[in-house]
Amino acid sequence: MLRIAFANEAYRKNINHQSRITFVAQDIDNIAGLMCYIQMSLLGCKLILKIGDTLADPITDKDMESESVWLSPMFTHEKRFKMLDSVRMIEKILNSSPMESGENEEKKTA
């Protein structure tokens, strides 16, 4: 498989394929697609896989919620941490008192 060879080559070149590369694959055969999913997941690769005909129904952004799209654990893991960072930032903003932000604006205008 070219994807595995590419991941191995990136590893040999000291490129972190787990954080810097997102693999996108599509296969019409369910078994072949899921074998790809298992192999890439075991390698720790971020993978977006769609089971379906590449020519008649290529993968698009709209497919991300579809049952025919599989996301590897590394893909969902990274997405979850980005979401947690956003939630923490919002909580920090909400927990800061309005008085503090008002005082900072008064100091800037003075």
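This report describes the fold, sheet, core and selected residues of a predicted model.

## Basis of the model

Local features are reported only where pLDDT is at least 70, and side-chain atom pairs count only at pLDDT 80 or more, whereas totals for chains, interfaces and linings use all residues. Residues are numbered from 1 along each chain as its sequence is written, and side-chain values rest on heavy atoms, with hydrogens and water left out.

## Overall architecture

The chain contains five helices and three strands. Helices (H or I, at least four residues) and strands (E, at least two) are DSSP runs numbered from the N terminus. Along the sequence these elements follow the pattern α-α-β-α-β-β-α-α.

Of the 110 residues in the chain, 23% are buried. Here buried means under 20% relative accessible area, exposed means over 50%, and partly exposed lies in between (1.4 Å probe, protein chains only). The chain exposes about 8500 Å², of which carbon and sulfur atoms supply 59%; accessible areas come from the Shrake-Rupley method with a 1.4 Å probe, and for residues only the protein chains shown count as cover. Among contacts with a separation of 6 or more, 52% are between residues 24 or more positions apart, a contact being heavy atoms within 4.5 Å.

## The sheet and its helix

Three strands form an open sheet of mixed pairing, in the order β1-β2-β3. Its edge strands, β1 (22-27) and β3 (69-71), each pair on one side only. Neighbouring strands are turned against each other by 15 degrees on average, direction ignored. Two strands are taken to pair if DSSP finds at least two bridges between them. Strand β2 (residues 46-51) pairs with β1 in the parallel sense over six bridges. In β2, Leu47 is the bridge partner of Phe23, and Lys50 is that of Gln26.

Helix α3 (residues 30-42) lies across β1, β2 and β3 and runs at about 175 degrees to β2. Axes are lines fitted to C-alpha atoms, for helices over the stretch in contact, and angles run from 0 to 180 degrees between N-to-C directions.

Strand β2 is largely enclosed by the rest of the structure, because six of its six residues are buried. In a regular strand the side chains alternate between the two faces of the sheet. In β2, Lys46, Ile48 and Lys50 point one way, while Leu47, Leu49 and Ile51 point the other way. Leaving aside neighbours within four places in sequence, Leu49 is in contact with Ala25, Gln26, Gly33, Leu34, Tyr37, Ser68, Val69 and Trp70.

The largest nonpolar core has 12 residues, including Ala7, Phe23, Tyr37, Met40, Leu47, Leu49 and Ile51. At least two residues of this core come from each of α1 (2-12), β1, α3 and β2. Such a core is a set of buried Ala, Val, Leu, Ile, Met, Phe, Trp, Tyr and Cys residues joined through side-chain atoms within 4.5 Å.

## Cysteines

Cys36 and Cys45 both belong to the largest nonpolar core. Cys36 is buried at 3% relative accessibility, and Cys45 is buried with a relative accessible area of 0%. A disulfide is a covalent bond between the sulfur atoms of two cysteines. With a disulfide defined as a pair of cysteine sulfur atoms within 2.5 Å, the count is zero. The sulfur of Cys36 has its closest cysteine sulfur in Cys45, at 9.2 Å, which is too far for a bond.

## Two individual residues

Pro73 lies in helix α4 (residues 73-95) and is partly exposed, at 46% relative accessibility. Apart from its neighbours within four places in sequence, Pro73 is in contact with Tyr37 and Ser41. Pro73 and Gly44 are 29 residues apart in sequence, and their C-alpha atoms are 7.7 Å apart in space.

Asn14 is located in the loop between α1 and α2 (17-20). Although Asn14 is not a glycine, its phi is positive, at about 60 degrees. With 74% relative accessibility, Asn14 counts as exposed.
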